[in-house]
Amino acid sequence: MFDKFYTFEPEKFAELFKTADMTKFFEQAKMPMFDMTAVMDAQKKNMDALIAANKAVAAGYQDLFKKQVAIFEETMAAAQAQLSELKMDQLTPEASAKQAELVKTAFEKAVANMTELAEAAKKANMEAFEIVQARVKESIEEIKELAKTAQPAKPAKAAKTA
């Protein structure tokens, strides 16, 4: 329906980005109202913030992975110890009560471990979010400053009629 009014041709759009140096691309773009150097500096800061956020997430998840491995190793060692104590041929009420207590303790430990892992993931995500959030705030202020210094476009002169 809207194809008659607006057509998007990806090949033509991609041609815009084949220029090796994007700063030259923006220099060629005629935007007299904006300081393109300031715009490019702001975009560099945006990319730096995204890189910092990704590094924070990567470090957080690396820590999370190490905790998961430690928990797995601890759980396996505890399970082996419990299985070595289990004597199925001597299943007495006392032994059953002891097994029930071991299961309860294991369940509580698993819940505590899951809580710890969830908190570690939350911390990693929050650190990344805070980095991006701070950059968004800075970016808004930069845009406000750019808008203050923007030069209005000069109106085109009307063609004289004969």
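Is alanine 49 buried or exposed? At 11% relative accessibility, alanine 49 counts as buried. The legends below take up this residue again, after an overview. The model is predicted, so local features need pLDDT of at least 70, side-chain atom pairs count only at pLDDT 80 or more, and totals for chains, interfaces and linings use all residues. Residues are numbered from 1 along each chain as its sequence is written, and side-chain values use heavy atoms, with hydrogens and water left out.

**View 1. The whole protein chain has 4 helices and 0 strands.** Along the sequence, the pattern reads α-α-α-α. Helices (H or I, at least four residues) and strands (E, at least two) are DSSP runs, numbered from the N terminus. The chain has 162 residues, and 14% of them count as buried. Buried means under 20% relative accessible area, exposed means over 50%, and partly exposed lies in between (1.4 Å probe, protein chains only). The chain exposes about 13600 Å². Carbon and sulfur atoms supply 64% of that area. Accessible areas come from the Shrake-Rupley method with a 1.4 Å probe; for residues, only the protein chains shown count as cover. Among contacts between residues at least 6 apart in sequence, 84% join residues at least 24 apart. Contact means heavy atoms within 4.5 Å.

**View 2. Alanine 49 lies in helix H3 and touches Ile131 and Arg135.** That pair leaves out residues up to four places away in sequence. The C-alpha atoms of alanine 49 and isoleucine 131 are separated by 6.4 Å. Along the chain, these two residues are 82 residues apart. Alanine 49 is buried because its relative accessibility is 11%.

**View 3. Arginine 135, in helix H4, makes a side-chain polar contact with glutamate 142.** The two side chains are joined at 2.7 Å. A polar contact is a pair of N or O atoms within 3.5 Å; within protein, one must be able to donate a hydrogen and the other to accept it, and residues adjacent in sequence count only if both atoms are side-chain atoms. Arginine 135 counts as buried because its relative accessibility is 6%. Residues up to four places away in sequence aside, arginine 135 touches Ala42, Lys45, Asn46, Ala49 and Glu142.

**View 4. Leucine 50 and alanine 52 both lie in helix H3.** Leucine 50 is partly exposed, at 42% relative accessibility. Its C-alpha is 8.4 Å from that of alanine 128, 78 residues away in sequence. Alanine 52 is also partly exposed, at 31% relative accessibility. From alanine 52 to glutamate 127, the C-alpha to C-alpha distance is 9.7 Å, across 75 residues of sequence.

**View 5. The largest pocket holds about 290 Å³ of space.** Of its 15 lining residues, the closest to the centre are Thr75, Ala106, Lys109, Ala110 and Asn113. Helix H3 (36–85) and helix H4 (93–149) are the elements that give two or more residues to the lining. The largest share, 8 residues, comes from H4. By class, the lining has 8 nonpolar, 5 polar and 2 charged residues. Ala, Val, Leu, Ile, Met, Phe, Trp, Tyr, Cys and Pro count as nonpolar, Asp, Glu, Lys and Arg as charged, and the others, Gly among them, as polar. On a 1 Å grid over the protein atoms alone, a pocket is an open set of points where a 1.4 Å probe fits, with protein on both sides within 12 Å along at least five of seven lines; lining residues have an atom within 4 Å of a point. Grid points are joined across faces, edges and corners, and a volume is the space filled by probe spheres set on the points.

**View 6. Asparagine 113 lies in helix H4 and is in contact with Ile71 and Thr75.** Those contacts leave aside neighbours within four places in sequence. Asparagine 113 is buried, with a relative accessible area of 6%.
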